[in-house]
Amino acid sequence: MEKFSIILPVRNGGEYVKSCIHGILNQTNQDFNLIILENCSTDGTGEWLESIKNGKIKIYKSNTSLSIEENWARIKDIPKNEFITLIGHDDLLQADYLAEMNNLIEKYPDASLYQAHFSFINAQGDYIKQCRKMAEKYTQSEYLNAMLKDELDSTGTGYMMRSADYDKLGGIPSYPNLLFADHALWIQLTGLSYMAVSEKECFSYRLNQSTSKLSGASQYIDAFYCFLDFLIRLKNKNEAISNLITSEAPGFIKYYCTSLSHRLLKTPEKQRDGKTVAAFIAVCA
């Protein structure tokens with residue numbers, strides 16, 4: 001068995017998935033396999049994937065069209081190597097990503113989550129900016145604090161974790177369109193030990209037509225409720241976390257209450273699933 005599994009769920013990846021897979025296969029550290037969860041693509045992605053002749057690639061094709069939540073849920077039940085990382089089909093790993101993750105694991109063998117610095121790129125692949133500077137380590141309280149105060153750039157790509165930990169936690173939560181689900185997973189993983197961070201920039205995250213931009217207001221609000229329920233459960237676990245959430249969650253809730261209220265106002269009434277701005281604000285309050 002290799003040490004790492006890179007997991008790529010995809011549906012209609014277009015040209016982006018080709019660049020993504022090229023970056024994965026060109027890793028300087030070749031101690032990995034690439035697991036692709038192909039979800040009934042209709043743009044030729046499935047046929048192109050089948051044409052690749054590389055022993056590192058394992059494709060799990062879905063027999064029926066799945067939601068994004070259902071496709072990502074398959075991660076928990078497939079065979080994986082000791083460490084896994086998840087990647088969006090339009091994101092790019094630099095050639096030294098796995099080598100740096102391996103160095104980080106050797107330096108901090110007791111960490112439960114690993115991450116590197118990264119850059120943001122646009123739809124054409126042009127550089128936009130670097131992510132904000134991260135600390136070398138984050139405990140669960142430190143990670144949660146930075147996330148609630150919007151002091152951390154966090155995406156679904158680039159995080160490395162142990163397969164056993166991922167499976168034990170139940171995988172990525174099945175929030176609508178997986179909005180906020182990655183935040184909940186990273187918080188849970190840091191709670192097992194801590195997150196270690198490389199100072200090197202090792203991947204690129206594409207600011208494209210992301211799920212968060214394309215999701216309707218109703219789905220976004222439902223996912224937000226899921227995350228608030230998660231924070232409530234987390235709050236009951238220990239006093240330090242409880243005090244942190246009591247202190248910092250109101251600002252986080254206020255920000256999303258404002259932004260999601262505006263999104264709901266721009267949504268036609270027939271697409272709001274009965275939600276009203278007044279009712280949403282009342283829940284946030």
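Q: In this predicted model, which residue meets Lys168 in a salt bridge at 4.0 Å, N to O?
A: The model is a predicted one. A salt bridge requires a side-chain nitrogen of Lys or Arg within 4 Å of a carboxyl oxygen of Asp or Glu. The side chain of Lys168 meets its partner at 4.0 Å, N to O, and that partner is Asp165.

Q: By about how many helical turns are Lys168 and Asp165 separated in helix α6?
A: An α-helix has 3.6 residues a turn, so residues three or four places apart point the same way. Lys168 and Asp165 are three residues apart in helix α6, so their separation is about one helical turn.

Q: Is Asp165 buried or exposed?
A: Lys168 has a relative accessible area of 58% and is therefore exposed. For Asp165 the relative accessibility is 13%. Buried means under 20% relative accessible area, so Asp165 counts as buried.

Q: How many residues apart are Lys80 and Asp167?
A: The side chains of Lys80 and Asp167 form a salt bridge, at 3.1 Å from N to O. Lys80 lies in the loop between α3 (68-73) and β4 (83-86), whereas Asp167 belongs to helix α6 (residues 163-168). The pair thus links distant parts of the chain, and the separation is 87 residues.

Q: Which relative accessible area does Asp167 have?
A: Lys80, its salt-bridge partner, is buried at a relative accessible area of 14%. Asp167 is partly exposed, and its relative accessible area is 30%.

Q: Where does Glu136 lie?
A: Lys107 and Glu136 form a salt bridge in which the closest N and O atoms are 3.5 Å apart. Lys107 is part of helix α4 (residues 97-107), and the pair ties together parts that are 29 residues apart in sequence. Glu136 lies in the loop between β7 (127-130) and β8 (137-138).

Q: Is Lys107 buried or exposed?
A: Glu136 counts as partly exposed, at 44% relative accessibility. Lys107 has a relative accessible area of 55%. Exposed means over 50%, so Lys107 is exposed.

Q: How many nonpolar residues does the contact of α10 with α11 have?
A: From α10, the contact involves Ile253, Tyr256, Cys257, Leu260, Ser261, Leu264 and Leu265. From α11, Val277, Phe280, Ile281 and Cys284 take part. By class, the contact has no charged residues and one polar residue, and the number of nonpolar residues is ten.

Q: Which residues of α5 are buried?
A: Helix α5 spans residues 140-148. Its buried residues pack against β8, α7, β10 (195-206), α9 (217-235) and α10. They are Gln140, Tyr143, Leu144, Ala146, Met147 and Leu148.

Q: Which residue follows α5 with a positive phi?
A: The phi of this residue is near 55°. The residue also belongs to the salt-bridge network with Arg132 and Asp153. It is Asp150.

Q: Which relative accessibility does Thr190 have?
A: Thr190 lies in helix α7 (residues 181-192). Not counting residues up to four places away in sequence, Thr190 touches Ser112, Leu113, Tyr138, Thr139, Gln140, Tyr143 and Met195. Thr190 counts as buried, and its relative accessibility is 1%.

Q: Which residue of β2 is the bridge partner of Phe4?
A: Strand β1 (residues 4-10) pairs with β2 in the parallel sense over seven bridges. Seven of the seven residues of β2 (residues 32-38) are buried, so the strand is largely enclosed by the rest of the structure. One side carries Phe32, Leu34, Ile36 and Glu38, and the other Asn33, Ile35 and Leu37. The bridge partner of Phe4 is Phe32.

Q: How far apart in space are Asp91 and Ala279, C-alpha to C-alpha?
A: Asp91 lies in the loop between β4 and β5 (92-93) and is buried at 2% relative accessibility. Its contacts, not counting residues up to four places away in sequence, are Cys20, Thr157, Ser204, Tyr205 and Arg206. Asp91 and Ala279 are 188 residues apart in sequence, and their distance in space is 37 Å.

Terms used
Residues are numbered from 1 along each chain as its sequence is written. This is a predicted model: local features need pLDDT of at least 70, side-chain atom pairs count only at pLDDT 80 or more; totals for chains, interfaces and linings use all residues. Side-chain values use heavy atoms; hydrogens and water are left out. Contact means heavy atoms within 4.5 Å. Helices (H or I, at least four residues) and strands (E, at least two) are DSSP runs, numbered from the N terminus. Ala, Val, Leu, Ile, Met, Phe, Trp, Tyr, Cys and Pro count as nonpolar, Asp, Glu, Lys and Arg as charged, and the others, Gly among them, as polar. Buried means under 20% relative accessible area, exposed over 50%, partly exposed in between (1.4 Å probe, protein chains only). Two strands pair if DSSP finds at least two bridges between them.
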